[in-house]
Amino acid sequence: MANIADLSIIICTFNRAVYLKDTLSYLLKNQHSGQVEILIVDNNSTDSTRQIADKYAGKHEGGFLVRYVRETKQGLSFARNRGIRETEAPVLLFLDDDIRVEEDFLETWLTFFKRHPEVWAAGGKIEVQFDDPRPKWLSSYLLPLLGYHNHGDKIKLYPRKSYPFGGNMAFRRDIFELYGGFKTNLGRIGKKLIASEEKEFFNRLNEASIRPVYVPDAGIWHRVNHKRLTKEYIRRQATGLGQSLAIRVKNKSLSGQFSELSVEAGKWGASLFLLIFYAVTFRLSKGWMLILFRKWIIEGFIQYKSQK
């Protein structure tokens, strides 16, 4: 690249052409200083993703350059790592392909990294925008499955056991050269909702005493439609979390495995408490879904173990 951008936005996408079109239109309305590159990483889409990308490819007013690459190795981590290799900007911003942003969103990120040269990694607030009605059984405790991420309205270090969500996270490029990319045995692979690639990456950073910073003003809305508002989708999410838990613990020491599984046991206790709370407040469907969610995680864990 002749002119290196100040910020590269990496959007990994798989069969989300309609949402991708809207996401690009929102981003290109942003007013910002400097040069911004938007890289679309198509992870083997079979819809009109390529046509949408071709429509937006090239230079745009306001210092934007839109590019497209196709990553044939299936999996979100493969796509993210390809995006890292394809870009040269000093700051990389990962965004989901189905979001809405305000017109000052990119300037907020650019300004933050200019003012805080000591920060290596950061995450922004994510609200959920329901494009279809929210089911009665969907409690606030399950909203993170739909991307919800809110640590308040002040800039601060993330707690040690918390980390940015992948739909809105930013890094200085050097961090990947020093600590590697995302583990390709974790993360979504096509329709398989395996997770925890972000958690594993931020755990590596935590071991190196690198703490990400929460930037609430760099917020997005994650758009969710009826396809993600079903019990079957939640079951697939939970099964994927169980599989990723099995992947994370298989090479750990006995104490490490005990620690991971103790956390899961604690979540079971909390879910049982919430079941009682929702029952006595006549919202049993919300509490029962939390129990099913934990049950499906165990099933995913056992399923992965039985295959090995």
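**Helices, strands and a buried arginine**

Helix 1 passes helix 2 in a right-handed crossing, a crossing being right-handed if the near helix is turned clockwise from the far one by less than a right angle, and left-handed if anticlockwise. This is a predicted model, in which local features need pLDDT of at least 70 and side-chain atom pairs count only at pLDDT 80 or more, while totals for chains, interfaces and linings use all residues. Residues are numbered from 1 along each chain as its sequence is written, and side-chain values use heavy atoms, with hydrogens and water left out. Helices (H or I, at least four residues) and strands (E, at least two) are DSSP runs, numbered from the N terminus.

On the side of helix 1, the contact (heavy atoms within 4.5 Å) is made by Ala 17, Leu 20, Lys 21, Leu 24 and Ser 25, and on the side of helix 2 by Thr 49, Ile 52, Lys 55 and Tyr 56. Sorted by class, this contact has five nonpolar, two polar and two charged residues.

Strand 4 (residues 64-70) pairs with strand 2 (residues 36-42) in the parallel sense over seven bridges, and here Val 41 stands opposite Val 69 of strand 4. Strand 4 also pairs with strand 3 (residues 58-60), in the antiparallel sense over three bridges, with Lys 59 opposite Leu 65. Strands 3 and 4 form a hairpin with three residues between them, and in the turn Gly 62 has a positive phi of about 90 degrees.

Strand 7 (residues 121-130) is largely enclosed by the rest of the structure, because seven of its ten residues are buried, that is, under 20% relative accessible area. Strand 7 pairs with strand 9 (residues 168-172) in the antiparallel sense over three bridges, and with strand 10 (residues 213-224) in the parallel sense over eight bridges. Ala 122 has Ala 170 as its bridge partner in strand 9, and Ala 122 also stands opposite Val 213 in strand 10.

Finally, Arg 294 lies in helix 9 (residues 284-307). Is Arg 294 buried or exposed? Arg 294 is buried, with a relative accessible area of 9%. Leaving aside neighbours within four places in sequence, Arg 294 is in contact with Glu 264, Lys 267, Trp 268 and Ser 271.

Note on methods: Ala, Val, Leu, Ile, Met, Phe, Trp, Tyr, Cys and Pro count as nonpolar, Asp, Glu, Lys and Arg as charged, and the others, Gly among them, as polar. Buried means under 20% relative accessible area, exposed over 50%, partly exposed in between (1.4 Å probe, protein chains only). Two strands pair if DSSP finds at least two bridges between them.
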